Amino acid sequence: MKKRLGIVIALAVLATGAAIAQSDPIAQRKAILKDIGEATKPIAAMAKGEARYDSAVVQKSLATIADGSKKLPDLFPANSKTGGDTAALPKIWDEKTKFDDLFVKLTAAASAAQGTIKDEATLKANIGGVFGNCKSCHDDYRAKKS
Amino acid sequence: MNEASVIAWDGPTRVFKWALVFVVLDGWISNRYGGSVPNWHKFNGYAALVLITFRVLWGFVGGSTARFANFFAAPGKVFVYLQAKTKFLGHNPLGGWMVVALLVLVAAMATTGLFSADEDRLIIEGPLAKTISDAMVDVAARWHRYIFTTIEVFVAVHVAANVIYAVAHREPLIEAMITGRKPADQYTDMPVATPGSWGQAAICLGVAAALVFGAISAAGGRPF
């Protein structure tokens, strides 16, 4: 009896935890986008010639971008249009397919860049193909800070 | 019908005019579709600055209709023009103000671009953004957007006005900016334009490029 109650409580706790994670897609997507932003910083510095090329950092950052962008389309459910200090514009849900497709493109670009970027020159030549996806999405779907 | 035509705009003025049209359009295109090639949009901005600087120099040494002294009229003259509606070979007093407004707006657009960057400072950054504070970069980026909207409005008015002149007043203004010639007529400003020289235009362009890139370097920026 005691054991069964324990299992029920444990399951309940697990379910609640999952529900919280599920019910707060805004916080989740913000965290992933933040990670992607942080991953981008060192590469951007290398591309601008402000930091030395570091293959390990580049590969790790590209992996972060590819993995994160894969999860993002599911984190913009219809019930997450407002709240949580979101910068997501309502337009996202009018054009959800187009919006989701931008993440697919970002994932593909970041994965491809893992193969094509081998040194500073190939970084400069190919990183735009990854970052350009960030820009096209931010231009259309992210509220301007100011 | 008098078939005779006179020169209205010299070659350099016309080349500048259409180059500026191209640069404004390309600025929009490179921002919208060139996210993966930030240097494209930046190069476009430098081209705009060089062109405007050229035009300012050309406004002093260029062909007679391109000179500011011959078309930048006092507001009083604009009123006289609006009532008398006489024909001008060069810019009429009202059109002269539009020219100056467009030059100032595009110059302001490109200059704010030098100091702008995307919110996260990751994707695109003007060469002088790192010389000012992050808060000021945001201000510059915001004005870069506002000024673009203003340019859209002015361009719409400018194009509409020229179409109206061509259709309603039968003044082939757009054609003249392509061919350089207008039908001979009783023009208020001058009967015929004195063209500027290509050599001087080349010097103006060289000086303009040196001024723009020199100023960016002097302010501590690398163009690319």
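In what order do the elements of chain A run from the N terminus on? They run α-α-α-α-α-α, and the secondary structure of chain A comes to six helices and zero strands. Helices here are DSSP runs of H or I with at least four residues, strands are runs of E with at least two, and both are numbered from the N terminus.

Before going further, a word on what you are looking at. This is a predicted model, in which local features need pLDDT of at least 70 and side-chain atom pairs count only at pLDDT 80 or more, while totals for chains, interfaces and linings use all residues. Residues are numbered from 1 along each chain as its sequence is written, and chains are lettered from A and ligands numbered from 1 in the order in which they are written. The predictor gives the complex an ipTM of 0.77 and a pTM of 0.88. Chain B has a mean pLDDT of 95, with 99% of its residues at 70 or more; pLDDT is the predictor's confidence in each residue, from 0 to 100. Within chain B, confidence is lowest in H4(B), at a mean of 94, and highest in H8(B), at 98.

Let us stay with chain A for a moment. Of its 146 residues, 28% count as buried. A residue is buried if 20 or more other C-beta atoms lie within 10 Å of its own, exposed if 12 or fewer, and partly exposed in between, with C-beta atoms placed from the backbone. Among the contacts in chain A with a separation of 6 or more, 71% come from residues 24 or more positions apart. A contact means that the C-beta atoms of two residues, placed from the backbone, lie within 7 Å.

UniProt, in an unreviewed entry, places a "binding site" at A:Cys134, A:Cys137 and A:His138. UniProt positions follow the numbering used here, feature names are shortened, and annotations may be inferred rather than shown by experiment. A:Cys134 is found in helix H6 (residues 120-141) of chain A, and A:His138 is found in helix H6 of chain A as well. Why does A:Cys134 count as buried? Because 25 other C-beta atoms lie within 10 Å of A:Cys134. A:His138 has 19 C-beta neighbours inside 10 Å, so A:His138 counts as partly exposed.

The largest nonpolar core has 39 residues, and those with the most contacts inside it are A:Ile65, A:Ala110, A:Ala113, A:Ile127 and A:Val130. Such a core is a set of buried Ala, Val, Leu, Ile, Met, Phe, Trp, Tyr and Cys residues joined through C-beta atoms within 7 Å. At least two residues of this core come from each of helix H2 (25-47), helix H3 (55-71), helix H5 (96-116) and H6 of chain A, together with H6 of chain B. Leaving aside residues up to four places away in sequence, A:Ala113 touches A:Leu62, A:Asn126, A:Ile127, A:Gly129 and A:Val130. A second, separate core of 21 residues includes B:Phe16, B:Val23, B:Val50 and B:Val106.

Now for the place where the chains meet. Eleven residues of chain B are in contact with 13 residues of chain A. On the chain B side, the residues divide into four nonpolar, two polar and five charged. Here Ala, Val, Leu, Ile, Met, Phe, Trp, Tyr, Cys and Pro count as nonpolar, Asp, Glu, Lys and Arg as charged, and the others, Gly among them, as polar.

In chain B itself, an unreviewed UniProt entry assigns residues 9-180 to "domain: Cytochrome b561 bacterial/Ni-hydrogenase". This stretch is 72% helix and 0% strand, with end C-alpha atoms 5 Å apart. UniProt also lists, again from an unreviewed entry, "transmembrane region" at residues 15-31, 43-61, 94-115, 146-168 and 198-219 of chain B. Residues 94-115 of chain B are 95% helix and 0% strand, and their end C-alpha atoms lie 32 Å apart.

Helix H5 (residues 93-114) of chain B has 22 residues and reaches 32 Å from its first C-alpha to its last, close to the 32 Å expected at 1.5 Å a residue; the expected span is 1.5 Å times one less than the number of residues. Buried residues in H5(B) include B:Gly95, B:Val106 and B:Met109. The helices that the buried residues of H5(B) pack against include helix H1 (11-33), helix H2 (38-61) and helix H8 (198-218) of chain B. By contrast, zero of the ten residues of H4(B) are buried, so H4(B) lies largely in the open. H4(B) is followed by B:Lys85, whose phi is positive, near 55 degrees.

A last stop is B:Ser30, in helix H1 of chain B. B:Ser30 counts as buried because it has 21 C-beta neighbours inside 10 Å. Not counting residues up to four places away in sequence, B:Ser30 touches B:Trp40, B:His41 and B:Asn44.
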